[in-house]
Amino acid sequence: MTTTDPAPRVLIVEDEFLLVMLLEDLLPTLGYTVAGSAGSVEHALAKLDTAEVDLAVVDVNLAGEPSFPVADALRARGVPFLFTTAYGQQGLPERFADAAVLAKPFRRQDIQDALAGLRPAA
């Protein structure tokens, strides 16, 4: 990314308020713009209809509801994403076997490396 390239826009899909706040503060220091945040599947799907998003960080469990419809919508739009979860890859359906997974709790370097492995849609 050159200095004239815009910062990739990241959608945060997470129901833990403190983690949302942490990511909203952290992502700009890593060279990303926060495109918005959503704490439920319904809110995330609505955000995807209105926000310009290059990447997404998606918690697998949103207040007891699986976030897989959001991941499906991101894939349909060609938006790279990573799941965050305390349960690891084994908690994901087969269709997401190739999805990037970041284990909770994570450190700054972990999220930085995980996002660097994603490529924004062209």
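This is a tour of a predicted model, taken one selection at a time.

**The sheet**

Begin by selecting the five strands that form an open sheet, which run in the order β2-β1-β3-β6-β7 with parallel pairing. The edges are held by β2 (33–38) and β7 (100–103), and each has a single partner strand, so one side of each is left without a neighbour in the sheet. From one strand to the next, the twist averages 20°.

**Strand β3**

Next, select β3 (55–59). Five of the five residues of β3 are buried, so this strand is largely enclosed by the rest of the structure. In a regular strand the side chains alternate between the two faces of the sheet. If you show the side chains of β3, you will find Leu55, Val57 and Asp59 pointing one way and Ala56 and Val58 the other way.

Both partners of the strand can then be brought in: β1 and β3 pair in the parallel sense over four bridges, with Leu11 opposite Ala56 in β3, while β3 and β6 also pair in the parallel sense over four bridges, with Thr84 in β6 as the bridge partner of Asp59.

**Helices against the sheet**

Now display helix α1 (residues 17–29), where Phe17 is found. Phe17 counts as exposed, because its relative accessibility is 59%, and together with Leu18 and Met21 this residue forms a nonpolar patch on the surface, with about 350 Å² of accessible area for the three together.

Move on to helix α3 (residues 68–77) and colour Phe68, Val70, Ala71, Ala73 and Leu74, which are buried. The buried residues of α3 pack against β1, α2, β3, β5 (65–66) and β6. Just after α3, select Gly78, which takes a positive phi of about 75°.

**Salt bridges**

Finally, turn to the charged side chains, among which a search of the whole structure finds nine salt bridges. In one of them, Glu52 meets Arg9, with the closest N and O atoms 2.7 Å apart. Glu52 lies in the loop between α2 and β3 and Arg9 in strand β1, so the pair ties together parts that are 43 residues apart in sequence. Glu52 is exposed, with a relative accessible area of 55%, whereas Arg9 counts as partly exposed at 28% relative accessibility.

Asp49 and Arg77 form another salt bridge, their closest N and O atoms being 2.8 Å apart; this pair links distant parts of the chain, with Asp49 in helix α2 and Arg77 in helix α3, 28 residues apart. Asp49 is exposed, with a relative accessible area of 60%, and Arg77 counts as partly exposed at 42% relative accessibility.

For the last stops, select Arg107 and Asp110, whose side chains meet in a salt bridge at 3.1 Å, N to O, and then Glu14, Glu16, Asp59 and Lys104, which are linked in a network of salt bridges.

Notes
Residues numbered from 1 in each chain as written. Predicted model: local features only at pLDDT ≥ 70, side-chain atom pairs only at ≥ 80, totals over all residues. Heavy atoms only, no water. Patch = residues over 30% accessible without salt bridge, like charges linked within 9 Å, V, L, I, M, F, W, Y side chains within 5 Å. Areas by Shrake-Rupley, 256 points an atom, 1.4 Å probe, with all protein chains shown as cover. Salt bridge = Lys/Arg side-chain N within 4 Å of Asp/Glu carboxyl O. Helix = DSSP H or I, 4+ residues; strand = E, 2+ residues; numbered from the N terminus. Buried < 20%, exposed > 50% of the residue type's maximum accessible area, 1.4 Å probe, protein only. Pairing = 2+ DSSP bridges. Axes fitted to C-alpha atoms, helices over the stretch in contact; angles between N-to-C directions. Contact = heavy atoms within 4.5 Å.
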